[in-house]
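Here's a quick tour of a fold, written for someone who likes to know the cut-offs behind each word. Have a look at the model, then read on.

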Amino acid sequence: MALGFSIGIIGSGMLGGAIAQALWHAAPQALYVANRSGKAPEIAGFPPENTLRDPQALAERCDVVILCIPPAAARNLRIEAPDALVISVMAGVPLAELPHLSGSPRVIRAMSSPAAASALAYSPWIASPAVTPQDRTRTRTLFETCGTTDEVQTESHIDLFTAMTGPVPGFVAACAAAMARHAEAEGVPPDIADRAVRQLFLAAGQMMAHGPSPQEHVDEMIAYAGTTAAGLLTLRENGFDDRMAQGLAAAAQKSREIY
Ligand SMILES: NC(=O)c1ccc[n+]([C@@H]2O[C@H](COP(=O)([O-])OP(=O)(O)OC[C@H]3O[C@@H](n4cnc5c(N)ncnc54)[C@H](OP(=O)(O)O)[C@@H]3O)[C@@H](O)[C@H]2O)c1
């Protein structure tokens with residue numbers, strides 16, 4: 001057991017299955033998944049002995065329990081896991097609700113994304129007061145296995161990240177799609193426009209993952225005062241930043257109304 005503790009994931013669909021894939025490489029013997037049907041395409045390769053139907057049975061054999069069922073289903077979920085660290089990655093379910101769902105005072109509300117399967121998720125989290133230093137270490141270890149992570153101190157920031165990073169391509173895809181549509185409107189064949197923006201966003205993502213921050217990249221372009229600067233300044237003058245902020249705020253507000 002490489003992680004040194006056992007983990008159970010209740011709800012092994014798109015997100016739970018992705019987290020399971022990431023963790024399986026780190027802790028194959030100590031990872032359990034549970035859902036009502038006992039199967040899902042995302043966990044098709046899991047050994048039957050690690051795949052349960054009963055969330056309570058999972059809770060009783062795990063040090064860390066991850067809740068990853070739809071928020072609406074969480075209303076009816078009740079497990080007794082008083083000694084477990086319970087981590088929810090469910091959108092919109094408040095931190096204060098988690099002890100009622102799980103029977104544990106040691107709870108964490110987190111966000112993640114299916115990019116976890118490729119260790120590319122960003123997983124911010126906030127902890128309840130009862131969470132111990134060992135719990136924090138375990139949470140960091142777990143989410144670093146899925147990508148990168150931060151502990152945040154304000155719960156509304158989890159709502160913001162639910163909107164911003166949960167649906168990975170979301171806002172980034174909207175930018176790419178707008179650029180592709182413009183290219184098509186200028187007569188570029190759709191397949192070429194599609195290939196161009198995919199390659200552009202792949203390269204941009206890799207450049208922004210390391211080195212200068214996104215804002216520094218933008219500032220460098222504007223300081224260079226070339227063709228990109230002309231476009232970026234026009235976007236800025238036309239309220240690009242405000243529109244993006246409004247979109248993110250609307251999405252975060254929606255996440256507060258889910259549960
Ligand atoms: N997908 C994303 O991009 C994403 C991103 C951020 C956050 N999230 C959050 O992650 C959670 C799961 O989303 P998802 O997209 O992975 O959903 P999903 O693909 O529909 O999977 C849900 C899983 O939960 C199981 N399930 C449902 N009710 C259950 C219950 N009462 N007890 C045990 N298992 C139950 C389902 O299997 P059975 O039907 O067999 O029980 C299924 O395995 C949600 O709270 C969502 O807000 C998702």
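Start with helix α8 (residues 190-209): its 20 residues should span 28 Å at 1.5 Å a residue, and the end C-alpha atoms are 28 Å apart, so the two agree. The expected span here is 1.5 Å times one less than the number of residues. Helices (H or I, at least four residues) and strands (E, at least two) are DSSP runs, numbered from the N terminus. α8 is hardly covered, with two buried residues among its 20. Buried takes 20 or more other C-beta atoms within 10 Å of a residue's own, exposed means 12 or fewer, and partly exposed sits in between, with C-beta atoms placed from the backbone. Just after α8, G211 takes a positive phi of about 75°.

Some ground rules: this is a predicted model, where local features need pLDDT of at least 70, side-chain atom pairs count only at pLDDT 80 or more, and totals for chains, interfaces and linings use all residues. Residues are numbered from 1 along each chain as its sequence is written.

Now the sheet. Eight strands form an open, mixed sheet in the order β3-β2-β1-β4-β5-β6-β7-β8; pairing takes at least two DSSP bridges between two strands. At the edges, β3 (51-52) and β8 (147-151) each pair on one side only. Here are two of the strand pairs:

| Pair | Bridges | Direction | A facing pair |
|---|---|---|---|
| β7 and β8 | five | parallel | S123 and T149 |

β7, α5 and β8 make a right-handed β-α-β unit: with the strands pointing away from the viewer, the path from the first strand over the helix to the second runs clockwise.

What do the buried residues of α1 pack against? They pack against β1, β2, β4 and α5 (133-145), where contact means backbone-placed C-beta atoms within 7 Å. Among those buried residues are L15, I19 and L23. α1 has 13 residues and reaches 19 Å from its first C-alpha to its last, close to the 18 Å expected.

Finally, the ligand: 26 residues surround it, the closest being G11, G13, R36, S37 and A91, counting a residue as near if its backbone-placed C-beta atom lies within 6 Å. The largest share of that shell, three residues, comes from α1. α1 and α3 (71-74) each supply at least two residues of the shell.

Terms used: Two residues are in contact if their C-beta atoms, placed from the backbone, lie within 7 Å.
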